[in-house]
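Good morning, colleagues. Please look at the sequence and the structure on the screen, and I shall then take you through them.

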Amino acid sequence: MKNQIKKSVSLAGIILLFSGMFVQLFSQEVTLAYKYSDEKPVHYLYTSTMAQIMDMQGQTMQTDVTSAFGCSVRQAGLQGKDIVLEIIVDTLGQKTDSPMGGGGGPVMDAKGKTVKVVIAPTGKPVDFTGAEAIVFNVEGSESNLAQSLYELFPILPENPVKPGDTWNSSDSSNLKTATMSQTMISNTINKFEGIETVGGTECAKITKEGTGTFKMSLQSQGMDLNIKGPFERTSENLVSVGNGSLVSQSSSTKITGELEIASMGMTMPITIQIRDVTVIK
């Protein structure tokens, strides 16, 4: 009888111990911030697939675009509280497949391009002018390096968070080249899901659900095109707690809007679905 009581007491003690550890772990706040090492760069590969589906007077036409971007990222110093990052490009390419034919391939002169950008500890862009100045021609349209870099630094919370915490954020982004201008205004609900261990690294898992408006004006094949409409976006991000670097991200975006070809006086429905993934190589 005494042995049974002792076992019950011991078992109860173990349960209380683990319960206390669980509560402590679950309620523990963490501060998330980008840091990056100044010695060991992180090598990333970003891939994206985009399906553009247009309704031309009852006839559906789909264009598929696949793109890839690879680079290394390391810290190159501090600018006050902000972080200076050195980016070296090793891969850039795009492939298009449409009823009109296909094309594209790697951008050979991109390899080895080096640029420095500045981000806040939360990942918010501070100075991307250097990346904006590096311009490439992809499939007859002009783009710059900044467009490829934004996905590497998903925005982190400004304050300490614990698992289950949610917060709202609003953002607007403007991209502009010689042949294209793009504006996105978004409202996002963010959630800190908790800590996950990936390859021995403790990572903060953050999910995002956003909505907003999208507007793009571009020149293609001698025509002025305008696309506008609402969008929905979901994403999942893993960020190293100790190293302060992105470990992985995946997202899905759907734009449902209108395509206007001003020179032809035409307006047609268009749906754009984008799925992208970033991983460490």
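Let me begin with disulfides: the count in this predicted model comes to zero. The rule applied asks for a pair of cysteine sulfur atoms within 2.5 Å. In general terms, a disulfide is a covalent bond between the sulfur atoms of two cysteines. As for the cysteines, are Cys 71 and Cys 203 buried or exposed? Cys 71 has 1% relative accessibility and therefore counts as buried, the limit being under 20%. Cys 203, at 0% relative accessibility, is likewise buried.

I turn now to the protein as a whole. Its secondary structure consists of three helices and 14 strands. The chain has 281 residues, and 37% of them count as buried. Among contacts with a separation of 6 or more, 59% are made by residues 24 or more positions apart. The accessible surface is about 16000 Å², with carbon and sulfur atoms accounting for 53% of that area.

The largest nonpolar core comprises 37 residues, and Tyr 36, Leu 85, Leu 145 and Leu 149 have the most contacts inside it. Two or more residues come from each of several elements, including strand E1 (42–56), strand E2 (59–79) and helix H3 (145–149). Which element gives the most to this core? That is E3, with five residues.

Leu 85 deserves a word of its own. Beyond its neighbours within four places in sequence, Leu 85 is in contact with residues including Tyr 36, Val 73, Val 115, Ile 119 and Phe 153.

Finally, there is a second, separate core of 16 residues, with Met 184, Met 216, Met 268 and Ile 272 among them.

Notes. Residues are numbered from 1 along each chain as its sequence is written. This is a predicted model: local features need pLDDT of at least 70, side-chain atom pairs count only at pLDDT 80 or more; totals for chains, interfaces and linings use all residues. Side-chain values use heavy atoms; hydrogens and water are left out. Helices (H or I, at least four residues) and strands (E, at least two) are DSSP runs, numbered from the N terminus. Buried means under 20% relative accessible area, exposed over 50%, partly exposed in between (1.4 Å probe, protein chains only). Contact means heavy atoms within 4.5 Å. Accessible areas come from the Shrake-Rupley method with a 1.4 Å probe; for residues, only the protein chains shown count as cover. A nonpolar core is a set of buried Ala, Val, Leu, Ile, Met, Phe, Trp, Tyr and Cys residues joined through side-chain atoms within 4.5 Å.
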